[in-house]
Amino acid sequence: MSPSASRPSPSSRSLLVACAALLAALAAGCGSSAARGPEAGAEVASIDARLRGSFRLVRFEPEVPLEPMLASMLEFQYAHLVVRFDGKRILADSPGLHVDRAYEIRDPAWDRFKLVSYDEAGVAYEALCEFSDQGELVVHAQTPPWKGVATLRRAQ
């Protein structure tokens with residue numbers, strides 16, 4: 001295999017960067033639950049128990065429309081991207097994409113919470129999350145460059 005065959009094309013790199021940013025944003029928040037007392041610890045544990053496991057990306061509505069090529073590459077991820085939360089790390093995999101990031105749950109309130117993930121440089125990505133009545137995880141990614149609303153469904 002030639003060296004160039006193992007490198008992704010510019011459009012593939014754009015998708016990888018975009019998906020990595022989206023996934024980082026999926027696992028993102030501010031404030032510490034420890035500062036709110038023992039009740040917050042129990043609320044975080046409850047959210048953590050519901051969040052653990054695997055989800056599939058089923059929809060993403062970007063704040064700013066995507067260029068057609070990137071939109072079609074994102075469409076591919078709907079059938080393939082699996083995101084797994086294990087209590088400390090978010091792992092996301094699909095053909096050509098692997099993301100492994102630390103995350104924490106913050107500011108839990110019933111079905112809503114903030115999630116913070118950290119990239120390799122320690123940069124935090126924020127998202128407001130909630131469990132819908134349909135059992136989906138709805139993620140409002142707030143950190144540029146990938147702002148928008150993602151919907152994840154529990155993987156079977």
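This report walks through a few spots in a predicted model.

## Strand β4 and D107

Let's start with strand β4, which covers residues 97-109 and includes D107. The backbone does something worth a look here: D107 isn't a glycine, yet its phi is positive, near 50°.

Next up is W110, which sits in the loop between β4 and β5, the latter being residues 112-118. W110 is another non-glycine residue with a positive phi, about 60° in this case. Is W110 buried or exposed? With a relative accessible area of 79%, W110 is exposed, since the cut-off for that label is over 50%.

## L74 in helix α3

Now for a helix: α3 spans residues 68-80, and L74 is part of it. L74 has a relative accessibility of 4%, so it counts as buried; the limit is under 20%.

## The nonpolar core

Which residues have the most contacts inside the largest nonpolar core? They are L51, F85, I105, F113, L115 and L137, in a core of 26 residues. Strand β4 turns up again here, as it gives the most to this core, with four residues. As a general background point, nonpolar side chains tend to be buried together in soluble globular proteins.

How values were computed. Residues numbered from 1 in each chain as written. Predicted model: local features only at pLDDT ≥ 70, side-chain atom pairs only at ≥ 80, totals over all residues. Heavy atoms only, no water. Helix = DSSP H or I, 4+ residues; strand = E, 2+ residues; numbered from the N terminus. Buried < 20%, exposed > 50% of the residue type's maximum accessible area, 1.4 Å probe, protein only. Core = buried A, V, L, I, M, F, W, Y, C linked by side-chain atoms within 4.5 Å.
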